[in-house]
Amino acid sequence: MRRNLVSAIAAVAAVSAAALFHLPDMLGAHPWWGTRTGLIGAGIGAALFLALRAGHVAARTMVLSGGIGLLLAGFPAFEGKRLFAASFGDDAIAGRLWYLGWIGIAAMLVISLATVFMSSQR
């Protein structure tokens, strides 16, 4: 259990640091909430990681699921941005997709990183 917690903390620290240094903004998140989505997603990802570990999900399955989830979360983030920009900021649903997509990206990144960190602590 201690190894899981340390891995989750390390992954949250890495994703939060990236968010605080505006990496999501540089990759396409909105500058007003890019940091916020990274921090919210990091917390959600840590909770999901710990829940999956409590359920004894295999590390290989978690990394694979996190990677697939990262790709799936990227679609609404980038498509939402495209639709929001095309509507000149009037499409609230596209803006919400863009926002929630970036939260999903951060959450899936934490799950993947925490699993890799956990596997390397053996």
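Analyst: The discussion below takes up several features in turn. Please note that this is a predicted model.

User: Where do Glu79 and Arg82 lie relative to each other in helix α4?

Analyst: Helix α4 covers residues 59-86, and the two residues are three apart within that helix, so about one helical turn separates them. Glu79 is partly exposed, with a relative accessible area of 26%. Arg82 is likewise described as partly exposed, at 47% relative accessibility.

User: Which residues form a nonpolar patch on the surface?

Analyst: To be part of a patch, a residue must have over 30% relative accessible area. Here, Leu23, Met26 and Leu27 form a nonpolar patch, and together they have about 310 Å² of accessible area. Leu27 belongs to helix α2, residues 23-27. Because its relative accessibility is 48%, Leu27 counts as partly exposed.

User: How does one judge the span of a helix, and what is found for helix α5?

Analyst: One compares the distance from the first C-alpha to the last with the span expected at 1.5 Å a residue. Helix α5 runs over residues 92-120, has 29 residues and reaches 42 Å, close to the expected 42 Å. At the start of α5, a side-chain oxygen of Asp91 comes to within 3.3 Å of the backbone nitrogen of Ile93.

User: How many aromatic pairs does a search of the whole structure find?

Analyst: Two rings are paired if their centres lie within 6.5 Å, and planes over 60 degrees apart count as edge-to-face. The search of the whole structure finds four aromatic pairs. In one of them, Trp33 and Tyr99, the ring centres are 5.2 Å apart and the planes stand at 85°, so the pair is edge-to-face. This pair links distant parts of the chain, with Trp33 in the loop between α2 and α3 and Tyr99 in helix α5, 66 residues apart. Trp33 is buried, with a relative accessible area of 13%. Tyr99 counts as buried too, at 16% relative accessibility.

User: Why is the pair of Phe84 and Trp98 called tilted?

Analyst: The ring centres of Phe84 and Trp98 are 5.6 Å apart and their planes are at 50°, so this pair is tilted. Phe84 in helix α4 and Trp98 in helix α5 are 14 residues apart, and their pair links distant parts of the chain. Phe84 counts as partly exposed at 21% relative accessibility, whereas Trp98 is buried at 7%. Trp33, Phe84, Trp98 and Tyr99 form one aromatic cluster.

User: Is Asn4 buried or exposed, and what does its side chain contact?

Analyst: A residue is called buried when its relative accessible area is under 20%. Asn4, in helix α1 (residues 2-20), has 9% relative accessibility and therefore counts as buried. The side chain of Asn4 makes a polar contact of 3.3 Å with the side chain of Arg53.

User: Finally, how far apart are Val110 and Leu70 in sequence and in space?

Analyst: Sequence separation is counted in residues, and spatial separation is taken here from C-alpha to C-alpha. Val110 and Leu70 are 40 residues apart in sequence and 9.9 Å apart in space. Val110 lies in helix α5 and counts as buried, at 0% relative accessibility.

Note on methods. Residues are numbered from 1 along each chain as its sequence is written. This is a predicted model: local features need pLDDT of at least 70, side-chain atom pairs count only at pLDDT 80 or more; totals for chains, interfaces and linings use all residues. Side-chain values use heavy atoms; hydrogens and water are left out. Helices (H or I, at least four residues) and strands (E, at least two) are DSSP runs, numbered from the N terminus. Buried means under 20% relative accessible area, exposed over 50%, partly exposed in between (1.4 Å probe, protein chains only). Patches are made of residues with over 30% relative accessible area and no salt bridge: like charges are joined within 9 Å, nonpolar side chains (Val, Leu, Ile, Met, Phe, Trp, Tyr) within 5 Å. Accessible areas come from the Shrake-Rupley method with a 1.4 Å probe; for residues, only the protein chains shown count as cover. A salt bridge is a side-chain nitrogen of Lys or Arg within 4 Å of a carboxyl oxygen of Asp or Glu. The expected span of a helix is 1.5 Å times one less than its number of residues. A polar contact is a pair of N or O atoms within 3.5 Å; within protein, one must be able to donate a hydrogen and the other to accept it, and residues adjacent in sequence count only if both atoms are side-chain atoms. Rings of Phe, Tyr and Trp (its six-membered ring) pair if their centres lie within 6.5 Å; planes under 30 degrees apart count as stacked, over 60 as edge-to-face and the rest as tilted.
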